[in-house]
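Work through the exercises below with the sequence and the structure side by side. Each task is followed by a solution in steps.

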Amino acid sequence: MRAVEGKNKLPGRQVIRKCWKRSCWKGWPEAAADGHIQRVTREGEDMACARVPLDEQQVTEPGPLGKERTLPALHPERAEDRCFVPYKPPPEEASPAEVEEFLERAKFITEDLEWLLALPHDKFWCQVVFDESLQRCLDSYLHHAPRGLDLAALPSSPAVADTQRSVHKAVFLTFLRMATHKESKERFITPAVFGEIIYENFLFDIPKILDLCVLFGKGNSQLLHKMIENVFTQQPSYYSDLDETVPTVLQVFDTILDKCGLQCEGAAAMEPMKLNAHKQPTAMTMSQQDLADLIAYLCDSTTTIHAFLDIFPAACSSFYSHGFISRLTSFYETAVPDLEKAVRKRNFDHKSLQDDLWKRLSHSCRKMVEMTHLLLHHTCLQPILEGRENMQTSSEELLQHFTSFLPEKRFLSDYDEQFPIADDISLLQQALPVIDETRTSYLLQGVESAWDSVGRRKPQIQSKTSSSLLSNQGAVGGATAAAASGGFKAPEVREPEGAEAMLEVPHKGNNGAVCPVSGAELESLLSCIRDLLPDLGEGFLLACLQEYDYNSELVINNILEDRLAPNLDKLDRAMPRPVKEELPSVLNNRSNVFDDDEFDVFRRDQVDMSRIWKGRRKGESAKELLNDKQHIEDQRARYQAYETVVDEVIIEPGDSSSAAYDLDDYDDEYDDTYDMNQVGANDLDGDTLLNRRPFTIPQVLRKGKVEEEEEGEEEQEDDTLQNNTNRDQFVQDPALLRERAEARRAAMQQRKGIRPERPSNVAGRPKGQGQTLETFLDRRKKEANKSRVSNHNRRTMADRKRNKGMIPS
């Protein structure tokens, strides 16, 4: 998709050079002689009368030195030198200085755009094509202009509102004129050249068109439809750009799922991760600002896509071909419940922020359901209503989509509430009577099951009026239609959802005094009441909540109207909250072998996480481990003490160094017993010892005969064991005797042809994994034959004696 930022190459475009060549393919004098090109004055009056396309016109105007020159009608030098200031949105906090700055800037933009719209046809297009500041101004408005839900946050100053409306109108009229290639019979551009100009100069692209739809669609849908249809008709390349844009739009949903921690990271999940690496935050754990940005991003994306599909239905086929419906329903079922839970359950700094997030999330849900209906209507239902040839194919696709909705219980119930599926199936049955009734009844039963699974009751009577009212309400998840027209009221009371669910707390069950709300919900109820009644104590409010089943609205109403129960009137309204005794922590009483070690996170506030890794440590390899000589450096100081070796120390008499070697002239403890004996005189000398035991080459240095000598040694060991076996041992090893007996028995059975008995296996596999046939047979055999051993056959023998009359019965 061509990015919007690509328009920084506006001057000198190739398409403009084509216009110059088209109008200047001959010299000006020769062309004027042939009558093919008309001279045009600076005001453009003669040019308008000639009915020549603007891309083929030329004008004559004075040059820098006063001499007349001939230029194409679309030329950079014909553009006025005017600086358009970029747009900035109105300030949220209405300080006087910021408001004054906004009003002044908006006034400049309005005056410049009104001046642009007042230019003649040729001057207007020269300014649009060659003025970069104009394009920056228009783009800044598309990017930063407040959307529909943002208008409520703007300051309520009448001057700011009027100025914003003026800028809004001027920008829309500018884009409307830029999308018109023929203003009158005399002022027009060749359609093919017009398509090249807007495409090559990035006057329009898919992101701009999306922003135009969401900003100006309300109240101007027909004009926008004609404008966008003209752009796509004159330049079919925008259809290919749209096809390339749809995957980017689908990436929006993947990004939101990833931010909510509802999607795997793909290839990155295969890499080892540190234990101290932060896990992906969820909607309940992320910061309030991140959650607000995420919901605002979802709201802006869904609103923009829906506005585009609603204004330009021809784009539905591009979205439909990329499987947009299945991706949208899957995202709805996965992300919406998680986001709704986060908005309902979390404690926000400001109640207004929670209300705003719930409103944006409900708006996003409604737009996603309506987008799905738009795609189904224009791709499947429209051919059936128009009676085209592919009616059978369209009906089959519609039924397949409804079938694919059945697992998405939440989405199916919300879709059926706005656009009843029973009506579409009835339409199919009227248009195509050959539709299988079994299939349609299965779909209707699946819809009823979806309503039951989400815990809501489907309204029994739904007319067109009620359907339209429901589609205009805030929450898709089942907002009851208020009395908008004719005092209509929903026949069934739905279960509270969203912000309303925070006010209606479930009643007590059979658990008696057990509090039916969590601690966070209880704190939220207390803060809600104390915001209105700050002089009341928390202890008194807790008693009131407990009395009225934790319904904060009922508590506030009874306190203000002085209709509290008698037991509550007797309490002190400033009663503080009772101090709850904290139970001793289980961690303080535990005893573990890992207590007080360096990784004891229960007793240490900080742990060296650099020593903890999950999987193989990065950068660690065998080569690096061998090249690491740090241990040598650590041991160097120890071995330096052994470098100096003294073989002989000559000590002179009276030398003071003799004290260092503990040498004395006289040793009183000297033993002279063996002084007269010649110790070792009769021992053999060294050569004789070598002859008795010849020199042997070490085994490490041997090469050829190592294996042969080892084999010889093994044979000697076997002979030694054989001789030891033949010796008459007093007590032989019982295990060895059993092994020999078993070997003899097996040899005898093999000679006689007896098949060895298979070992019994009655234990089998662990419980829950199933048993083999052999295990069942072994267990049955054991049960049948266990009476042969010990005294298990006493009952059998007693019955035998009784039958023979030996025991009186």
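**Exercise 1.** Determine which residues of α15 and α16 meet, and how the two helices are oriented to each other.

Solution. 
- Step 1. On the α15 side the residues in contact are Thr-372, Leu-376, Thr-379, Cys-380, Leu-381, Pro-383 and Ile-384. They meet Met-391, Ser-394, Ser-395, Glu-397, Leu-398, His-401, Phe-402 and Phe-405 of α16. The model used here is a predicted one.
- Step 2. Helix α15 covers residues 351–386 and helix α16 residues 391–405; their axes come within 7 Å and cross at roughly 150°.
- Step 3. Angles over 145 degrees count as roughly antiparallel, so α15 is roughly antiparallel to α16.
- Step 4. The crossing of α15 past α16 is left-handed.

**Exercise 2.** Take Glu-397 and find what it touches beyond its neighbours within four places in sequence.

Solution. 
- Step 1. Glu-397 is part of helix α16.
- Step 2. With neighbours within four places set aside, its contacts are Tyr-320 and Cys-380.
- Step 3. Cys-380 is 17 residues from Glu-397 along the chain, and their C-alpha atoms are separated by 6.9 Å.
- Step 4. The relative accessible area of Glu-397 is 27%. Buried requires a value under 20% and exposed one over 50%, so Glu-397 is partly exposed.

**Exercise 3.** Describe how α15 and α18 cross, and name the residues that meet there.

Solution. 
- Step 1. Helix α18 spans residues 421–431, and its axis comes within 11 Å of the axis of α15.
- Step 2. The two axes cross at roughly 35°, in a left-handed crossing.
- Step 3. Leu-381, Ile-384 and Leu-385 of α15 meet Asp-424, Leu-427, Leu-428 and Ala-431 of α18.
- Step 4. Leu-381 and Ile-384 are also among the α15 residues that meet α16.

**Exercise 4.** Is Leu-412 buried or exposed, and which residues is it in contact with?

Solution. 
- Step 1. Leu-412 belongs to helix α17, residues 409–418.
- Step 2. Its relative accessible area is 0%, so Leu-412 is buried.
- Step 3. Apart from neighbours within four places in sequence, Leu-412 is in contact with Phe-405, Leu-406, Ile-421, Gly-446, Val-447 and Ala-450.
- Step 4. Val-447 is 35 residues from Leu-412 in sequence, and the C-alpha to C-alpha distance is 6.8 Å.

**Exercise 5.** Classify the ring pair of Tyr-141 and Phe-216, and say which parts of the chain the pair ties together.

Solution. 
- Step 1. Ring centres within 6.5 Å make a pair, and by this rule the count is 23 aromatic pairs.
- Step 2. The centres of the Tyr-141 and Phe-216 rings are 6.4 Å apart and their planes lie at 20°, so the pair is stacked.
- Step 3. Tyr-141 lies in helix α6 (residues 132–144) and Phe-216 in helix α9 (residues 206–216), so the pair ties together parts that are 75 residues apart in sequence.
- Step 4. Tyr-141 is buried at 1% relative accessible area, and Phe-216 is buried at 0%.
- Step 5. Elsewhere, ring pairs link a cluster that includes Tyr-199, Phe-232, Tyr-238 and Phe-331.

Key: Residues numbered from 1 in each chain as written. Predicted model: local features only at pLDDT ≥ 70, side-chain atom pairs only at ≥ 80, totals over all residues. Heavy atoms only, no water. Phe/Tyr/Trp six-rings, centres within 6.5 Å; stacked < 30°, edge-to-face > 60°. Helix = DSSP H or I, 4+ residues; strand = E, 2+ residues; numbered from the N terminus. Buried < 20%, exposed > 50% of the residue type's maximum accessible area, 1.4 Å probe, protein only. Axes fitted to C-alpha atoms, helices over the stretch in contact; angles between N-to-C directions. Parallel < 35°, antiparallel > 145°, perpendicular 65-115°, else oblique. Left-handed = near helix turned anticlockwise from the far one by under 90°. Contact = heavy atoms within 4.5 Å.
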